[in-house]
Amino acid sequence: MRTNPAIQAAIDLTAGAVGGTACVMTGQPFDTAKVKMQTFPDMYRGLIDCFVKTYKQVGFRGFYKGTTPALVANIAENAVLFMCYGFCQNIVRRIVGLDKKAKLSTVWSVIKAVLQKDGPLGFYRGLSSTLLREIPGYFLFFGGYELSRTFFAFGRPKEELGPVALMVSGGIGGICLWIAVYPVDCIKSRIQVLSMAGKQAGFMGTFASVFQNEGVFALYSGLKPTMIRAFPANGALFLAYEYSRKLMMNQFDT
């Protein structure tokens, strides 16, 4: 690869933005259902009931309400996320002593390097309440994606995988993320709604209230549409990212 670090970062940034757009347009209906079921768990009997009631109230456009802010947020988030992903891959290569052109094997090499350098506490460096969801979530997100790609590659280069394998790997990564962070995301949705009514209680206060009054299962309200959404949305995200990135890399290489 003959691109310099600045061009590489720009490519990852752009490819991440393309992936974020694909993710939102594919998964927005399920995300709408997820937030409705998280925020008003007693209003819907399940995913189908939520879809039917939403359609009856506002029609098909109701599933895409809030798409513009979601699109802006996801484009910005995934552009930065995948740019940082590229940076982190280069850092890992340096830590484990690999050439900058070398292909990384699996997430286990990262785990081994962190454990050898800093021990178990190395995974928690920089952890704060604002990163409670992001650190474990994205670790499992990219970890699940890379492990799945390795599995589907069967010893050949992961870059040769076709669209189906990439989409399935992306879906697995998305499911790994949401299983880990869903309770935190549920509390976040509650806080956002309560704050509009002037009933802000903070993360721990809201968590304790939901847990005591509604039980542990309330923390997983809306999990079904999230799991269903994970495959098409994150599959589209990684497919768009990988193919747009490959296209741009080939343009610069030639």
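**Entry 1: Q28**

I began with Q28, which counts as buried because its relative accessibility is 6% (buried means under 20% relative accessible area, exposed over 50%, partly exposed in between, with a 1.4 Å probe and protein chains only). I noted that the model is predicted: local features need pLDDT of at least 70, side-chain atom pairs count only at pLDDT 80 or more, and totals for chains, interfaces and linings use all residues. Residues are numbered from 1 along each chain as its sequence is written, and side-chain values use heavy atoms, with hydrogens and water left out.

I located Q28 in helix α1 (helices are DSSP runs of H or I with at least four residues, strands are runs of E with at least two, and both are numbered from the N terminus). I then looked up which residues Q28 touches, leaving aside those up to four places away in sequence: they are F63, Y64, K65, G66, T67 and A70 (contact means heavy atoms within 4.5 Å). F63 lies 35 residues from Q28 along the chain, yet their C-alpha atoms are separated by 6.9 Å.

**Entry 2: the whole chain**

I recorded eight helices and zero strands. The order from the N terminus is accordingly α-α-α-α-α-α-α-α. The chain has 254 residues, and 43% of them count as buried. Among contacts with a separation of 6 or more, I noted that 73% join residues 24 or more positions apart.

I turned to the way helices pack. Two packed helices are described by the angle between their axes and the distance between the axes.

For helix α1 (residues 5–39) and helix α8 (residues 223–253), the axes come within 8 Å and cross at roughly 165 degrees (axes are lines fitted to C-alpha atoms, for helices over the stretch in contact, and angles run from 0 to 180 degrees between N-to-C directions). α1 is therefore roughly antiparallel to α8 (angles under 35 degrees count as roughly parallel, over 145 as roughly antiparallel, 65 to 115 as roughly perpendicular and the rest as oblique).

**Entry 3: α1 and α2**

Which residues of α1 meet α2? I found P29, F30, A33, K36 and M37 in α1, facing L47, C50, F51 and T54 in α2. The axes of α1 and helix α2 (residues 47–58) are 10 Å apart, at an angle of about 105 degrees. These two helices, α1 and α2, are therefore roughly perpendicular to each other.
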